[in-house]
4 protein chains.
Amino acid sequence: MKCIALIFNPSFGEKALKVARELLAYLEARGKEVLLLADQACFLGRSGVGQPEIKKAELLLSLGGDGTLLSTVSLAGPLGLPVLGINLGRLGFLTELDVANMYAGLEAVLAGKFAVEERALLEGRVIREGKVVKQVLCLNECVVGRGALSRPCRLEVRVDGQCAFRFTGDGIIIATPTGSTAYSFSAGGPIIDPQVAALVLTPICPHAFVLRPFVVPDSSLIEVLLLTSVTGMCLTADGHEGIPLLAEDRVVVKRYARSFKLVRLFHRSFYCLVRDKLISQGLEECLP
Amino acid sequence: MKCIALIFNPSFGEKALKVARELLAYLEARGKEVLLLADQACFLGRSGVGQPEIKKAELLLSLGGDGTLLSTVSLAGPLGLPVLGINLGRLGFLTELDVANMYAGLEAVLAGKFAVEERALLEGRVIREGKVVKQVLCLNECVVGRGALSRPCRLEVRVDGQCAFRFTGDGIIIATPTGSTAYSFSAGGPIIDPQVAALVLTPICPHAFVLRPFVVPDSSLIEVLLLTSVTGMCLTADGHEGIPLLAEDRVVVKRYARSFKLVRLFHRSFYCLVRDKLISQGLEECLP
Amino acid sequence: MKCIALIFNPSFGEKALKVARELLAYLEARGKEVLLLADQACFLGRSGVGQPEIKKAELLLSLGGDGTLLSTVSLAGPLGLPVLGINLGRLGFLTELDVANMYAGLEAVLAGKFAVEERALLEGRVIREGKVVKQVLCLNECVVGRGALSRPCRLEVRVDGQCAFRFTGDGIIIATPTGSTAYSFSAGGPIIDPQVAALVLTPICPHAFVLRPFVVPDSSLIEVLLLTSVTGMCLTADGHEGIPLLAEDRVVVKRYARSFKLVRLFHRSFYCLVRDKLISQGLEECLP
Amino acid sequence: MKCIALIFNPSFGEKALKVARELLAYLEARGKEVLLLADQACFLGRSGVGQPEIKKAELLLSLGGDGTLLSTVSLAGPLGLPVLGINLGRLGFLTELDVANMYAGLEAVLAGKFAVEERALLEGRVIREGKVVKQVLCLNECVVGRGALSRPCRLEVRVDGQCAFRFTGDGIIIATPTGSTAYSFSAGGPIIDPQVAALVLTPICPHAFVLRPFVVPDSSLIEVLLLTSVTGMCLTADGHEGIPLLAEDRVVVKRYARSFKLVRLFHRSFYCLVRDKLISQGLEECLP
């Protein structure tokens, strides 16, 4: 492994910069070329590269939280680049290391002692007048939803060309198993083991109380049609991209051809993670 | 009863205008003075009045749907003016007549043969730097929520000055029993008989799955604090007013001093209404 | 206060006996007459009294957990006898003292320094061929439910003589606000502040997914009819009485004329209790 | 196809007997050997065979409802015998024909014009003192649950040898995708397309509100341990077998080696079935 990309989240402030500098020093001392994106490199007084040059890297280090790692999806996903998450706070579902065990972990990774866990990605497309006007890639979920000021929307959800259900509500989540512990969970969806080859369609606040999350094969082609012309509708991918939708737009979501590669050093069972993250942190969350 | 206000929803189009004209003719033929709001009167080629003059009326006719009736709340609520809903489509929870039985119903009302059902109203206030910067009145619910593009918000909900719970999610609904069959229902809240003197606090898509709707006395003072500075947060009242919130704002909600007066001509049981509206229409909703 | 009844749960074993002996000594040293039920007194080598003699007491001490306190309902409820719960384990929703602060608490109580919190009780009646064949009193909930081996039951639930809903499922819970944090909560019901004058009707595993908990005035008369003849149906009260039901039986539940009197020494907010008990203990519950 | 087994549900009464006689005449007129089980044959004045002889059949006709078809699972499942359901009432999820289109359907089947849809089966085993003391086969679900009179049970659920979660409640459902629209649905589980290779673990009325249904790979080995010694616990398979459990018992559930073969003549989409059965019938269910 000669070339490593380092992505960090400058919004973590001085802590992120400090650890990023240490990582750079550590990796360069071991003869590795480290690529930084230009807009992040400047925070470290370094020069960076554009996104296309990242393809040279053999590993991507994501320094931040689960959100930072999610932001690497559109970069690492199409390249099939393995991603190792180093968490600046508490370990999450996706990040594998924290600052305390960072060097021990990197040691192992540089020695090739790691596993790669493949996770399904979704690609979402906005179709307008027969053309793809926008495309997104995501690891957790695509959401077709309404804005705070807009009225409830009426949607039709199709699976493989056939109407599965229609409803009025706040929106619909199309989530991977990885995303089943994120927004879909908040909206009442089941927890899905990442080894299950499925997607879950979770309605958000449906008026028709009859709706329940649907688990469908991950080979399904999902289409969402806006049945009413409500302003303020958006497609969001992993919570960080918002694409305004027009009345006649159709959103098409399917599993992306490549899987996302998470670098794994420890065997942490999915069920342990669920307990640790969802339950313990969920608990702390709601205490004053 | 000498003076009647007529509110209609011009967005129902020609149908609304036609019925409004017929109602005007009917009422004026019976010697009633009919007040129209200036911005609606123009659709009928009549001259109208400003909101303050409505206080002269002894009855308000709402011509449209449940949404139209909700829009009369800020006008009729403070005046304690009884409201009779005439539905241009299918009967709702709040409207008492439809076009088919409109004249028979009005006959009874003009003869004084009607009951008045009192429903709790909520007043919501936005407090900024110690001052009330905005005030709303609503019959269904106040919602403190996030926009489609914004991140989940972290809120603290206080009841009578004491922290009841904190959570991260899409928002919080403070609903009356009347509103328990509206947005609160979609978000998972219980159905509350309007005779119960209670409010329900229903979290929207809480990350902390531990949260459940809370039913509190309707004498409670509810405060919502924004714990994180998320852009795009809003206070919405009955789904039709959106007030942008700033980071340090506090939203205070309590039962309004006066009740809302619904004119009732028939005894339709609350449980029948729930079955008819929530179930039957909920069903039709989701069929293609 | 001259006469105090002491109820303890012998299934807590030696710990219960030891504390019971200490309490006896403490109270008798202060000149109080202590009444024990005959079937518990024998564990302490004392002679006890029958249930009718308890009416002489001015206070009932319940030594055990929330379950022990629930078991005093049929005794203390009709007498309007104030009940003070001393928990042998962790504080619950209903018990006010634990062993650590027991004497300080009793000191205050004997000095008359305590508040009494009134909680709604339910009385459930089984009507068979026009006659009341069984009657129960409960603080949490009445449940009409099926057995593990029996098929789902079909029930009609009436409120004040009118059919509210029918459904097929595992049963129906009629809970007080006190019971809203017990079985009703497990079945998906809302949390209800004990100050709200309401009951909640919570269906258990309804086939018709359209059902949601209903919150009704606590003045309502609730009737449950068995629409199918399923063997193994039971009425249970506070989880500890099981009354087999026959096909034509009708179960009638309403608020009992008297309230249950909980002795309160501390002001612990309902919301704090909910967080402490439901959340913290709920969490510990599911961790290995 | 020379030999066909016919199973019918005598509890449907004269209607079942009449159609069974017609089917016998129809099939025998076409030169087919028809096998009846001895305990059903007697209702038709015919002689029947024991279960082992059924293995000679190439097709099993199930005459009754979805419940009747479920009762053929332990017979047809191990033999890999295709099952065609003829519904005496309304079409269900599993039955393919009703009386109206029965002959047209059989014509097609005898001409070999049919598809076979493979559905996952579960085998459940009760392990007592290291030995398998009981074994069940089911198409919908295995349930480890408590009786109406018994207290809530405390269970540990293991997936592939590892503790997934512990909880106190009414029980746990381990369902196939086929069963996701049955009891698991009533208990709050998601709807799972039968093409997804998964099982769902759905807790029944968990005290720890933190639990949510878990979707796991259908290759998982599920173990349920009773953590408390509660009397009245049972294992039930497809709702019609109840096996009493003892305190130290362990229930092991996994996908059965063979799939269940449903004969399909029409292409009815899973989503249409869900709408028709769950929604329409669910609706009718709860109306008086």
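In chain A, the side chains of A:Arg166 and A:Glu156 form a salt bridge with an N to O distance of 2.7 Å, a salt bridge being a side-chain nitrogen of Lys or Arg within 4 Å of a carboxyl oxygen of Asp or Glu. The pair links distant parts of the chain, with A:Arg166 in strand S11 (residues 162-169) and A:Glu156 in strand S10 (residues 153-159), 10 residues apart. Over all chains, the count by this rule comes to 56 salt bridges.

The structure is a predicted model, in which local features need pLDDT of at least 70 and side-chain atom pairs count only at pLDDT 80 or more, whereas totals for chains, interfaces and linings use all residues. Residues are numbered from 1 along each chain as its sequence is written, chains are lettered from A and ligands numbered from 1 in the order in which they are written, and side-chain values use heavy atoms, with hydrogens and water left out.

Chain A contains seven helices and 20 strands, taken as DSSP runs (helices H or I, at least four residues; strands E, at least two) numbered from the N terminus. The C-alpha trace spans about 60 × 40 × 35 Å along its principal axes.

An automatic or database domain assignment divides chain A into domain 1 (3-119 + 259-286) and domain 2 (122-255). The C-alpha centres of the two domains lie 28 Å apart. In the interface, 17 residues of domain 1 are in contact with 14 residues of domain 2, contact meaning heavy atoms within 4.5 Å. The two domains bury about 1200 Å² between them, 74% of it on carbon and sulfur atoms; buried area is the accessible area (1.4 Å probe) that two parts lose on being put together, summed over both. Zero salt bridges are found across this interface. On the side of domain 1 that touches domain 2, the elements giving two or more residues are helix H3 (66-70), helix H4 (73-79), strand S6 (115-119) and helix H7 (270-286).
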